[in-house]
Amino acid sequence: MDTENNILKPENNDEIDSPVVMNEEKDAITEGIRLGGPTKSYEVNLLICYVLDQVDAPLSFFQLNEALQRENLVNYFEFARAIADLEEKGNVITQETDSNIRLYSLSDTGKAAAKTLETTLPFSVRERAVRAAEKVARHARRERQNAVTMEKTTDGYNLTLTMQDIGSDLMSVSLFLPTVNACEQVKEKFIEDPEGIYRSIWEIFLGSLEDDKDIKLQFMMD
């Protein structure tokens, strides 16, 4: 199978012999996109493949979109079109999580197509996209590895933050908060840096971790 044709083929079905001959591909929606970002639909397809290849971890529609939107690299409607196109052409593989979230990873043709981007878009664009995607992926891993549960009470909410380990949980803390918005803010702070919060609590009660050379913490997040 010709990988480049499979992912980059214009809508008028004209044949493409190399990544250079792609000027017939339709223009992408570029409203709100930073200078140097993808201007052709096939470039958006390639950028998504490149990000998935570099991050090397399945990502959801929301995570991919958040990463590219954060850096103003792709218009939302163009992104949604590209995801559907990649799935239809077999460049991405999908899998469902237990919570019915669809995750995307690259097929063999998608991996081959990702290499094309290195000569198509500026390095700064590729770097921004990958950096943003890696941040989103780290956040997703932390969400999986650190549990947050919210329980409604008569006058507010009990929020429980749990830092999990292979054996017993490293930490489990419950807080009373008055609103859902407050719960969401605390959750985001916790997921962003669970290690830092654990370290702070430890040091409040037991002093600096550096004072005890026998204490070795093995955290599950990057």
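Me: How many helices and strands does the protein chain have, and what pattern do they follow along the sequence?

Reply: One begins with the count of elements and then reads their order. This is a predicted model, and its protein chain holds eight helices and six strands. Along the sequence, the elements run α-α-β-α-α-β-β-α-α-β-β-β-α-α.

Me: What percentage of the residues in the protein chain count as buried?

Reply: Burial is judged by relative accessible area, with buried meaning under 20%. Here, 40% of the 222 residues count as buried. The accessible surface of the chain comes to about 12800 Å², and carbon and sulfur atoms account for 48% of that surface.

Me: Which residues lie nearest the centre of the largest pocket, and which elements supply its lining?

Reply: One takes the volume, then the lining. The largest pocket has a volume of about 640 Å³ and is lined by 25 residues. Gln63, His139, Ala140, Glu143 and Arg144 lie nearest its centre. At least two lining residues each come from β1 (59–60), α3 (61–70), α6 (123–145) and α7 (180–192). The largest share, 10 residues, is supplied by α6.

Me: What is the make-up of that lining by class?

Reply: The lining of the largest pocket comprises 11 charged, nine nonpolar and five polar residues.

Key
Residues numbered from 1 in each chain as written. Predicted model: local features only at pLDDT ≥ 70, side-chain atom pairs only at ≥ 80, totals over all residues. Heavy atoms only, no water. Helix = DSSP H or I, 4+ residues; strand = E, 2+ residues; numbered from the N terminus. Buried < 20%, exposed > 50% of the residue type's maximum accessible area, 1.4 Å probe, protein only. Areas by Shrake-Rupley, 256 points an atom, 1.4 Å probe, with all protein chains shown as cover. 1 Å grid on protein atoms, 1.4 Å probe; cavity = no way out; pocket = protein on both sides within 12 Å on 5 of 7 lines; lining within 4 Å. Points joined across faces, edges and corners; volume = space filled by probe spheres on them. Nonpolar A, V, L, I, M, F, W, Y, C, P; charged D, E, K, R; others polar.
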